Amino acid sequence: MKQAKRLDNAPPYLFVEIEENINKYMAKGVDVINLGIGDPDIPTPDFIVQKMIEAVKESKYHQYPEYDGSMEFREAVARYYKRRFQVNIDPETEVVALLGSKEGIAHIFFALVNEGDFTLVPDPEYPVYELATALTGGVPYPMPLLKENNYFPDTSIIPREVIKRSKILFINYPNNPTGAVADLTQYQKIVDFGMEHDIVVCNDNAYSEFTYDGLKAPSILNAKGAKDIAVEFHSFSKSFNMTGWRLGFAVGNRDAISKLKKMKNNIDSGVFTAIQEAGIEALNNGDNFVEYMRKVYTRRRDIAMEELKKLGFQFEIPKGAFYLWIKVPKGYNSKSFTNLILEETGVVVAPGRGYGEWGEGYIRISLTIDDNRLKEAFDRIAKLNI
Ligand SMILES: Cc1ncc(COP(=O)(O)O)c(C=O)c1O
């Protein structure tokens, strides 16, 4: 069967490939340690699960949900934004509930990008920005995230012809995979750039709650004038260990949000209201759990950094998110080193090249694994002859 041309533009999704590799090795009986995927290992906290159990029994939730998310959910998001970021959000026009943030991130490209338009995407990046562009027939223009720029894009080097034909710019802080965290000055620059060139600016703030050493991640909506041009995406997957539940939201510029709603209304029929009820509970009462998880990731980050130092690896000290971005040793590229580790030790890591051209020469490991397995992974890697 022939597939649509747009699918020809989309390479296999990185994590599907990783999952296939894991299954292959597990089938051979290998005790695989998976440091490849950022999927929280600690279950969703009980207070959220209990809320879901109550909500799922409510027959009123068994019918189609409201397309944009229930008003109660959108009001909870607005209250959360006020408390967490001191930003006022109008629940009526400036919020939409998502079936996980990945869905909304992909759909905003479909809402704003025509064939042949450019999109400005970070490199390295969470691959969905580029893949969604490819599916719309747009052209992703990579903005390198360089160490010397604190892993923040330099918009001054983007050619004028590209800027003129760009519809959307994506950034992601706290950053996957580099661990960089943006400050308000950086956000202001990007918002001003978007305003000047009429380019919708999106920040993927999926890791907003995971920052280290006393740092607190701001929202792009804290920047002056941001609501005129910016949208921010959030995920319950990372903040509240709810990856399987598929819940997120987008907030910000009402025009962009309304176009995203229009796109979604024609494709999906909203999030199961019982899941939204559980999400409200998470937003209202999840601060202690987030604080607990921040301590867990800080401890694991410190274990991993200690082990990496012992083994002589170069890496960035992550300021946020829950990954380590590690340089591969001389003589390897990201794929050959990833394969070596998997074949010789059964440890799965993510090859940096999967995050873009500028990710070549790196691997990413995830801290979503318990301390003992994390240590065991390093014990195995220590036995490698590199
Ligand atoms: C930067 C970033 N954004 C979005 C997502 C998707 O999260 P969700 O589970 O809400 O779709 C991920 C998941 O790994 C991510 O790393």
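This is a predicted model: local features need pLDDT of at least 70, side-chain atom pairs count only at pLDDT 80 or more; totals for chains, interfaces and linings use all residues.
Student: Which residues of helix 14 are buried?

Tutor: Look for residues under 20% relative accessible area. In helix 14 these are D371, L374, A377, F378, R380 and I381. Their cover includes helix 12 (287–311), helix 13 (334–345) and strand 12 (362–366).

Student: What caps the N-terminal end of helix 14?

Tutor: Check for a side chain that reaches a backbone nitrogen there. The cap is D370, with a side-chain oxygen 3.0 Å from the backbone nitrogen of N372.

Student: Now the domains. Where are they?

Tutor: Domain 1 takes in 5–44 and 288–382, while domain 2 runs over 60–285. Their centres, taken over C-alpha atoms, are 25 Å apart.

Student: How much area do domain 1 and domain 2 bury between them?

Tutor: About 3,300 Å², with 60% of it on carbon and sulfur atoms. On the domain 1 side, Y13, K319 and W358 supply 19% of the buried area, more than any other three residues.

Student: How many salt bridges cross the interface of domain 1 and domain 2?

Tutor: Look for oppositely charged side chains. The rule finds two across this interface. R301 also forms a salt bridge with D213, and their closest N and O atoms are 3.0 Å apart.

Student: Which element gives the most to the side of domain 1 that touches domain 2?

Tutor: Helix 12, with seven residues.

Definitions and conventions:
Residues are numbered from 1 along each chain as its sequence is written. Side-chain values use heavy atoms; hydrogens and water are left out. Buried means under 20% relative accessible area, exposed over 50%, partly exposed in between (1.4 Å probe, protein chains only). Helices (H or I, at least four residues) and strands (E, at least two) are DSSP runs, numbered from the N terminus. Contact means heavy atoms within 4.5 Å. A polar contact is a pair of N or O atoms within 3.5 Å; within protein, one must be able to donate a hydrogen and the other to accept it, and residues adjacent in sequence count only if both atoms are side-chain atoms. Domain bounds come from an automatic or database domain assignment. Buried area is the accessible area (1.4 Å probe) that two parts lose on being put together, summed over both. A salt bridge is a side-chain nitrogen of Lys or Arg within 4 Å of a carboxyl oxygen of Asp or Glu.
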